[in-house]
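Open the model in your viewer and keep the selection panel at hand.

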Amino acid sequence: MEFRVLGSLEVWSDAGRVVVSGARRQRTLAALLLAPNAVVPLPRLVEMVWEGEPPYSAFKQVRNCVSALREQLGDTDQRLILTEETGYRILVGERQLDSSRFAAAVADARRHAADDDLVRAVRTIQEALRLWRGPALAGLGVGALSRSAAGWDELRLNAIELCAEWRLDLGEHREVVEDLDGLVRDHPLREGLHAHLMVALQRCGRRAEALAVFDRLRTWLAEELGVDPSADVRRVHQLVLCDETESRQHDRARSGTGEARVPAARSSRPATCRVPPRNINFTGRDAVLRELRERFVSGGDIAVQVVCGLGGVGKTQLSVEYAHRYRSEYRLVVFMDAESPEMVASRFAQLAEELGIAEVSAEQVVPRVYDGLRELSPWLVILDNGEKPSTLAHALPPGDVDGHGHVLVTSRSSGWSGTAGVVNLELFTRQESVRLLTRRIPGMTPPTADRIAEHLGDLPLALEQAAGYMDYNSTPPEHYLALLTSRLEDMIGLGELPDRPRVVVANLWRLSVRKLAADRPESLRLLQLCALLAPEPIPLDVFVGAAGSLDAVTGDTLTWDTTVGALAGMGLARRGDSSLLLHRLVQSAIRAAMPADLLDHTRAELCGALLAAVPQDIHRDPDARPRWQELLPHVLAVVNDAPSAGCAAETATLLRLASAFLLSIGVHLMALPLCERALAIDESLGGREVEVGFDLVTLAQIHLDNGEFEQARRRARRALTLHESSLPADSPLIATDLATLARAQHLLGRHEEALSAAHRALRIDEAAYEPDDPYVSFDLVALASVHLDRGDHVTAEPLLSRALRIREAAYPPDHLYIGYVLLLKARVAHLLNDPAATDLAHRGALILSSRLGETHPKAEKAAALALRLRTATSADRVMHLDPAAAPPAHGA
């Protein structure tokens with residue numbers, strides 16, 4: 001069987017084309033083919049199949065898609081699409097998938113070019129390009145799937161540029177013109193294509209057309225991006241103006257990745273001082289470099305710009321690339337390490353000596369150097385890795401300096417806006433991350449690169465380090481991805497960069513941590529606590545008022561503000577109005593440096609803080625849903641590992657509460673394993689009969705949602721037995737067990753037992769709570785459901801009306817619990833010949849569709865009921881539907 005993704009998705013067998021019907025099935029297959037022979041986790045498949053928020057039933061729908069694909073592809077023995085623990089894997093050989101053949105052929109072509117066999121390189125890369133039938137996965141693109149497919153389109157354009165470069169070196173100018181003339185119109189902002197076309201036209205004697213290509217590009221860039229063509233393209237333009245391209249070979253000085261580069265202009269070489277070599281693998285950042293250049297040009301005679309950003313984001317590499325890219329614009333370029341005032345003073349003293357400035361005091365060396373640079377205008381001074389404005393102010397040009405020059409500072413610290421212009425350097429875009437990895441590593445496919453970049457958080461240094469590791473160890477990309485997934489803390493310490501052998505992600509923030517330990521120990525403790533949470537915004541109020549190691553600082557507003565601010569000021573975190581956000585690799589590096597006992601202590605402290613922060617009564621607290629949505633990622637991060645003895649009980653409670661919240665929003669597939677873990681922990685601890693009962697009744701409610709009625713009955717019965725032996729007979733917790741048991745019994749047809757349990761639950765809750773309490777509504781629904789199934793519609797109707805009033809007063813209008821009772825009430829109204837039935841069913845169906853997704857079984861049944869009632873007569877029998885919500889488990 002052959003699969004094609006370089007164009008529209010196609011599947012071919014020996015008998016002809018195989019039709020894969022259904023957009024979701026096609027996207028599921030496409031997502032698997034973008035990561036051939038690798039496990040694609042279920043959450044990733046969901047992300048690739050749906051654009052925007054997926055329905056709650058997304059996991060189940062993906063599984064259904066896989067089953068249908070196996071049937072359509074004749075994979076009855078499941079040898080093509082394998083079920084793995086976390087997702088699915090499709091097994092295809094290189095010859096079976098056109099994208100694999102393309103990647104292999106391009107790698108072969110690059111090897112031929114490296115051996116100076118350009119004829120063979122061109123022939124091989126042209127064969128690879130003929131595999132393309134259109135944009136990758138044309139017509140299927142949504143969200144993440146579209147981004148992954150775009151990585152292959154980028155590789156195709158890279159290959160076209162390589163082919164054009166090699167053909168120009170072979171003298172095939174006319175052929176290059178034919179190939180690129182249409183492409184530059186299809187890709188009007190692709191500067192490499194334009195540069196090669198300009199050279200080819202000039203060599204064909206069509207100089208006016210070459211100049212027109214440049215003018216068109218300049219217009220497009222100005223209108224679409226508000227920027228000028230890059231320095232490289234401007235140099236080609238200058239060569240065309242000077243009519244020089246015929247007199248020189250097309251410069252083949254490519255980067256180590258084989259990326260096509262335009263020829264450099266002839267100019268006198270500027271003087272440079274300690275500027276590091278150019279990074280031949282430098283990727284992206286064109287817009288930032290142009291912005292820097294424009295700021296410098298428009299900033300007056302002496303302009304200072306500061307590039308700020310997270311450690312490892314590529315500030316130094318950007319400054320080095322700027323120095324090399326624009327060095328023809330300067331007469332002198334100086335690069336200085338600026339990590340400490342002493343280092344900067346030493347560098348300026350050396351520069352003064354090199355400039356012939358003698359007998360100058362330490363206080364005067366900086367202004368004298370800048371004064372001496374006047375004769376070398378325009379000049380560029382780069383101060384790399386400056387700590388903060390106060391420690392580097394002495395190294396900036398005094399206000400009375402004459403001449404023309406630029407100072408470029410890089411720093412992790414914030415607070416520079418009062419000193420200079422500031423450019424905040426962000427993480428790589430995913431496209432840039434994928435481009436770097438696919439260029440660096442032979443055989444790296446865009447989908448695998450995408451997943452590696454996801455684990456590394458698009459941090460440029462981490463991506464370079466990953467490439468260095470794979471290159472040195474000849475590690476296959478899929479194997480590296482597996483290592484990254486299972487051993488992230490170890491992997492961020494491995495993999496050397498050739499030009500920076502001691503720089504790895506694991507050590508990147510070590511100096512900052514040492515400074516915090518010495519100067520701000522409370523900020524270091526906050527950093528350690530945040531390192532064990534999720535790489536999502538962390539609400540700062542989690543730490544305020546919680547018993548723990550930060551008690552002394554959270555009580556004082558100013559001290560707390562500076563404690564939090566230190567992490568943002570040192571570039572270790574990004575601060576929001578009421579939250580902190582840490583990069584996942586900052587978290588990983590901090591965790592890796594924490595000893596086991598400190599990790600256990602920190603996890604225990606977080607369990608306590610989160611347990612105090614999360615709403616424990618999910619069904620009575622009106623703010624429970626948004627608060628849980630905010631905190632759920634952090635709860636899951638903290639309880640992910642096996643708990644130590646010091647926080648086992650708290651971990652079990654968090655697991656059960658998280659499970660109950662997920663159940664309340666209809667995500668029972670995710671709720672089940674969490675609650676099963678809670679039960680296992682509570683049973684192992686002993687002496688927690690009440691908590692074991694909580695776990696059991698929550699599990700019973702999940703089983704009811706899954707249609708496993710007998711299993712639900714057994715667990716609810718066991719919960720009731722435990723609670724009746726441990727709690728007063730009138731405890732509301734026992735009412736929850738009874739209501740859950742009643743629902744299971746009623747669904748099993750044991751109506752008399754169900755009536756008895758439901759009546760008892762209602763009596764207990766009405767005595768314990770107010771008559772309109774949400775817990776009472778669950779008893780009413782359970783009781784009404786039994787009466788409805790027994791045909792006693794008159795008795796069921798007032799019970800449901802009361803339950804609906806309670807829920808509409810307690811919950812948001814789109815809450816699932818309101819939808820469930822609307823549907824039950826619609827059934828009763830129809831059977832009582834009440835014309836309001838149609839509207840009730842319609843409202844309930846809309847709620848279930850919006851909260852669970854249109855294809856969820858409950859949403860489909862609700863829609864069918866609404867449709868039936870619109871067309872039904874009073875004599876019609878209404879189909880059975882059990883939309884009663886499970887009674888909630890009381891929190892501890």
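Select F348 and Y370: F348 is buried, and so is Y370 (buried means under 20% relative accessible area, with a 1.4 Å probe and protein chains only). This is a predicted model, where local features need pLDDT of at least 70, side-chain atom pairs count only at pLDDT 80 or more, and totals for chains, interfaces and linings use all residues. Residues are numbered from 1 along each chain as its sequence is written, and side-chain values use heavy atoms, leaving out hydrogens and water.

Next, select Y469 and Y480. They form a tilted aromatic pair, 5.5 Å centre to centre with 50 degrees between the planes (Phe, Tyr and Trp rings, the six-membered one for Trp, pair if their centres lie within 6.5 Å; planes under 30 degrees apart count as stacked, over 60 as edge-to-face, the rest as tilted). Both Y469 and Y480 are buried.

Now show F296, Y322, Y326 and Y330. Together they form one aromatic cluster. The whole structure holds 13 aromatic pairs.

Move to R807. It lies over the face of F778, 4.6 Å from the ring centre (the criterion: NZ of Lys or CZ of Arg within 6 Å of the ring centre and within 35 degrees of the ring normal).

Finish with W509 and F543. They have the most contacts inside the largest nonpolar core, which has 124 residues (a core is a set of buried Ala, Val, Leu, Ile, Met, Phe, Trp, Tyr and Cys residues joined through side-chain atoms within 4.5 Å). Apart from it lies another core, of 85 residues, including L6 and W166.

Technical notes:
Buried < 20%, exposed > 50% of the residue type's maximum accessible area, 1.4 Å probe, protein only.
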